[in-house]
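Please read them with the structure open beside you.

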Amino acid sequence: MVRREDNRQVKTLGWLRRNGKNKADRDYAEKLYRKTLFELYARHISLTGQTYYPPMHNEIIEEYRLKIGRAHV
């Protein structure tokens, strides 16, 4: 007998960010991604004392570029 849980395909958060069924799903995945990334960054700082975390750094720089324009970076 096959359980219902065994039929479920597990997708990654990255997959959902790109391929969600609708904009609300993609927006929720993006929000969850950013929340998770920040929590990982905070954990990284608390464990190591290092404030540089490349994935967070790249996200922050990209957001900064979008807000003020690429000419200033």
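1. A word on naming to begin with: helices (H or I, at least four residues) and strands (E, at least two) are DSSP runs, numbered from the N terminus. With that in place, Tyr28 belongs to helix α3, residues 23-48. Tyr28 is exposed at a relative accessible area of 54%; buried means under 20%, exposed over 50%, and partly exposed in between, with a 1.4 Å probe and protein chains only. Its C-alpha atom is 9.1 Å from that of Leu16, twelve residues away along the chain.

2. Please keep in mind that this is a predicted model, in which local features need pLDDT of at least 70 and side-chain atom pairs count only at pLDDT 80 or more, while totals for chains, interfaces and linings use all residues. Residues are numbered from 1 along each chain as its sequence is written, and side-chain values use heavy atoms, with hydrogens and water left out.

3. On confidence, pLDDT is the predictor's own score for each residue, from 0 to 100. The protein chain has a mean of 80, and 79% of its residues reach 70 or more.

4. Now to the salt bridges, where a side-chain nitrogen of Lys or Arg is within 4 Å of a carboxyl oxygen of Asp or Glu. The count comes to five. One of them joins Glu30 and Arg17, with the closest N and O atoms 2.8 Å apart. Glu30 lies in helix α3 and Arg17 in helix α2, so this pair ties together parts that are 13 residues apart in sequence. Both are partly exposed, Glu30 at 24% and Arg17 at 28%.

5. Which residue of helix α3 lies four residues from Glu30, about one turn of the helix? That is Arg34, whose side chain meets Glu30 in a salt bridge of 3.1 Å, N to O. Salt bridges with shared partners join Arg17, Glu30, Arg34 and Glu59 into one network.

6. Lys23 and Asp27 also form a salt bridge, at 3.1 Å between the closest N and O atoms. They are four residues apart in helix α3, so about one helical turn separates them. Lys23 is exposed at 53%, whereas Asp27 is partly exposed at 42%.

7. Finally, the rings. A charge sits over a ring if NZ of Lys or CZ of Arg is within 6 Å of the ring centre and within 35 degrees of the ring normal. Arg17 lies over the face of Tyr33, 3.8 Å from the ring centre, and Lys11 over that of Trp15, at 4.9 Å.
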